[in-house]
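The sequence and the predicted model are shown first.

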Amino acid sequence: MQERYWLMRSEPDDTSIDDLAREPQRLFEWSGVRNYQARNFMRDDMQPGDKVLFWHSSCPAPGMAGIAEVVTLAHPDATQFDSESPYFDLKSTADAPRWVCVDVRFVAKTPLLSPAALRMIPGLESMAVLKRGNRLSITPVTSEEWKIIMEHLG
């Protein structure tokens, strides 16, 4: 199976690349995704070993802050069953869960690459995260985009 690449957004107040870096062996559940397209990426396409551009969003300095790795296949997101969670879903049941998550693990911190900085790098013009109006928390990254970013980071 071919390795795939992803960009996954997280609000740093919730989970940041620094949180992952503090516990590099810990598996972090990428829970709380409530968009069907993003869920389907996790459920249908993500595989252990896939690499992730870790993106800080909804913060004063948004952008790519590090690299993580998908460690597990998709599994039911426990937050959908927790009535105390902001991600509770009354329509989800243990027999028919609507939402899934994957576990990710820290790989590396990187210098912050803001959207403006990424737009300046030739070859990234079509990157999903840079498209106007794109708000998905998970988007695919092409192998060419991954290669360009890794070369830029040195």
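## Aromatic pairs

Both Trp-30 and Phe-54 are buried in this predicted model. A search of the whole structure finds four aromatic pairs. One of them joins Trp-6 and Phe-41, whose ring centres are 5.5 Å apart with the planes at 50 degrees, so this pair is classed as tilted. Trp-6 and Phe-41 are both buried.

Trp-30 and Phe-54 form an edge-to-face pair, with 5.4 Å from centre to centre and 80 degrees between the planes. Because Trp-30 lies in the loop between strand S2 (28-29) and H2, while Phe-54 lies in strand S3 (residues 51-56), the pair ties together parts that are 24 residues apart in sequence.

## Arginines over aromatic rings

Two arginine placements may be noted. Arg-26 lies over the face of Phe-28, at 4.1 Å from the ring centre. Arg-39 is positioned over the face of Trp-99, at 5.7 Å from the ring centre.

## Helix H2

The buried residues in H2 include Ala-38, Arg-39, Phe-41 and Met-42. These residues cover an arc of only 155 degrees around the axis, which places them on the same side of H2. The packing partners of the buried residues of H2 are S1, strand S6 (100-101) and strand S8 (138-141).

At the start of H2, a side-chain oxygen of Asn-35 comes to within 2.9 Å of the backbone nitrogen of Gln-37.

Technical notes
Residues are numbered from 1 along each chain as its sequence is written. This is a predicted model: local features need pLDDT of at least 70, side-chain atom pairs count only at pLDDT 80 or more; totals for chains, interfaces and linings use all residues. Side-chain values use heavy atoms; hydrogens and water are left out. Rings of Phe, Tyr and Trp (its six-membered ring) pair if their centres lie within 6.5 Å; planes under 30 degrees apart count as stacked, over 60 as edge-to-face and the rest as tilted. Buried means under 20% relative accessible area, exposed over 50%, partly exposed in between (1.4 Å probe, protein chains only). Helices (H or I, at least four residues) and strands (E, at least two) are DSSP runs, numbered from the N terminus. A charge sits over a ring if NZ of Lys or CZ of Arg is within 6 Å of the ring centre and within 35 degrees of the ring normal. The arc is that of the directions from the helix axis to the C-beta atoms. Contact means heavy atoms within 4.5 Å. A polar contact is a pair of N or O atoms within 3.5 Å; within protein, one must be able to donate a hydrogen and the other to accept it, and residues adjacent in sequence count only if both atoms are side-chain atoms.
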